[in-house]
Amino acid sequence: MTISETRLARIDVMKPWLGEEETQAVAEVIASGWVAQGPKVRQFEDAFAAEQQADFAIATSSCTSALHLALAVAGVGPGDDVVVPSFSFIATANAATYVGARPVFADVDMHTGCVTAATIKAALTPATTAVIAVDQGGVPVDLEPIRALCDPLGIIVVEDAACAIGSRYRGRPVGSNAELAAWSFHPRKILTTGEGGMITTPRQEYGDRARRLREHAMSVSAADRHASLLAPAEEYLEVGFNYRMTDLQAAVGLVQLGRLQAVVQRRRQLAATYANAFAGVEGLRLVSDPHYGISNFQSCWLEIGPAFPLGREALLTRLAGDGISARRGIMAAHRQPAYSGADTGSAELGVTEWLSDHTLILPLYHELSLQDQVRVIDSVLRAAGQP
Ligand SMILES: *Cc1c(COP(=O)(O)O)cnc(C)c1O
């Protein structure tokens, strides 16, 4: 490569880590003749439950469908309010809307980007029956005080751990302290199955109902019917959904799960390199571990404060000019057309708006080379006026 080609080579914000093993695993499923939800999905669920220290794990088509099912099995419905962060991918708020409830937006903590017991308390209404607490960008949410607030009020706390596979809260995997947790295997997250999700729960009745609802609430699963020669008659016990994962996806997920420790270790190492590089730069703040847990740095966001010579948009443009694809920080759902006109309660969302306007997400993925990371760092430091 010539020097000019090196300069032009694009650096992406995110790239999944996939290899030969995934290809092989998919080929085996195809050769088996059973590609829909079946034995691989069950294996993936068991392996995921073991990894996350969960009692029950139910694979789904996405984290969005997992969140929908989580609220459904918790009995949340029309007339209920569900407190959610606005500072999250829009699927968090949409899950409440899907079950006919009203999302009520809560603000987040400036340091973590996550809801806290205090921000949730400010958003509670007499109709609140559920809270969705998000491990935003992989930073673990401080769940214990939130449960201490909500449990006595009979408010169920669902953890949206879409971004947080491999993050830890008080020494345990995130999600293992929640009544219901939802996970994502979208390529933008930590491990991928193309599309895919999971619900984990310590409560068997939630697990059983989620398992049924993901498959049209059939009394006998398609895989079980297929396994017997004389298929037993099935009944449809309630109105369910098709939220199944396929065995093709689960086979990929099983391989990906084996990569988890390496992925998290690498991401934390890359984040530490960014943190060191930007530590002395006025006006910059990189997201960091909270005192109570460990992040997988799914979104390694950088806050561009007033002391920095460029604003966020100008810095993004500067980075793009250097062939670096950074991204605007996490969105604010209450500003989207889907919710801007809606009645969503009236909590103050000042931190949400500040972070949404002043953060960008830096390139960070397993195979990001040191050389490319140095290019990102140099580009930011040049923008800061440092040689
Ligand atoms: C990505 C994401 C989702 C949605 O995940 P999908 O698997 O794409 O449906 C939900 N919540 C949060 C916080 C996310 O980041």
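**Packing of helices and buried residues in a predicted model**

Trp-301 touches Met-110, His-111, Thr-112, Gly-113, Arg-285, Leu-286, Val-287, Ile-330, Leu-355, Thr-359, Leu-360 and Ile-361, when residues up to four places away in sequence are not counted; contact here means heavy atoms within 4.5 Å. The model is predicted, so local features need pLDDT of at least 70 and side-chain atom pairs count only at pLDDT 80 or more, while totals for chains, interfaces and linings use all residues. Residues are numbered from 1 along each chain as its sequence is written, and side-chain values use heavy atoms, with hydrogens and water left out.

Trp-301 is found in strand β12. Helices (H or I, at least four residues) and strands (E, at least two) are DSSP runs, numbered from the N terminus. With a relative accessibility of 2%, Trp-301 counts as buried. The term buried means under 20% relative accessible area, exposed means over 50%, and partly exposed lies in between (1.4 Å probe, protein chains only). Trp-301 and Leu-286 are 15 residues apart along the chain, and their C-alpha atoms are separated by 6.0 Å.

Leu-286 is also among the contacts of Ala-271, together with Phe-297, Cys-300 and Leu-364, leaving aside neighbours within four places in sequence. Ala-271 lies in helix α11 (residues 260-278) and is buried, with a relative accessible area of 1%. Between Ala-271 and Thr-201 there are 70 residues in sequence and 31 Å in space, C-alpha to C-alpha. Phe-297, one of the contacts of Ala-271, is found in the loop between β11 (293-294) and β12 (301-304). Phe-297 is buried at 7% relative accessible area, and has a positive phi of about 55 degrees although it is not a glycine.

Helix α4 (residues 63-73) packs with helix α5 (residues 91-98) at an angle of about 40 degrees, and their axes are 9 Å apart. This angle makes α4 oblique to α5. Axes are lines fitted to C-alpha atoms, for helices over the stretch in contact, and angles run from 0 to 180 degrees between N-to-C directions. Angles under 35 degrees count as roughly parallel, over 145 as roughly antiparallel, 65 to 115 as roughly perpendicular and the rest as oblique. The crossing of α4 and α5 is right-handed; a crossing is right-handed if the near helix is turned clockwise from the far one by less than a right angle, and left-handed if anticlockwise. On the α4 side, Thr-64, Leu-67, His-68 and Leu-71 meet Ala-91, Thr-92, Ala-95, Ala-96 and Tyr-98 of α5. The residues of this contact of α4 with α5 divide into six nonpolar, three polar and no charged. In this scheme Ala, Val, Leu, Ile, Met, Phe, Trp, Tyr, Cys and Pro count as nonpolar, Asp, Glu, Lys and Arg as charged, and the others, Gly among them, as polar.

His-68 of α4 counts as buried at 7% relative accessibility. Not counting residues up to four places away in sequence, His-68 touches Ala-95, Tyr-98, Val-99, Phe-241 and Tyr-243. In α5, the buried residues are Ala-91, Thr-92, Ala-93, Asn-94, Ala-95 and Ala-96. Because six of its eight residues are buried, α5 is largely enclosed by the rest of the structure. The buried residues of α5 pack against α4, β2 (81-85), β3 (102-106), β4 (128-134), β5 and α13 (337-340). Just after α5, Gly-100 takes a positive phi of about 85 degrees.

In helix α8 (residues 204-213), Tyr-206, Gly-207, Ala-210 and Leu-213 are buried. These residues cover an arc of only 135 degrees around the axis, which puts them on the same side of α8; the arc is that of the directions from the helix axis to the C-beta atoms. They pack against β1 (56-60), α4, β5 (156-160), β8 (180-184) and β9 (197-201). His-216 is found in the loop between α8 and α9 (222-227). Its relative accessibility of 32% makes His-216 partly exposed, and its phi is positive, at about 60 degrees, although His-216 is not a glycine.

Helix α12 (residues 312-321) and helix α15 (residues 370-383) pack at an angle of about 135 degrees, with axes 10 Å apart. That makes α12 oblique to α15. Leu-315, Arg-318 and Leu-319 of α12 make the contact with Val-376, Ser-379, Val-380, Arg-382 and Ala-383 of α15. By class, this contact has five nonpolar, one polar and two charged residues.
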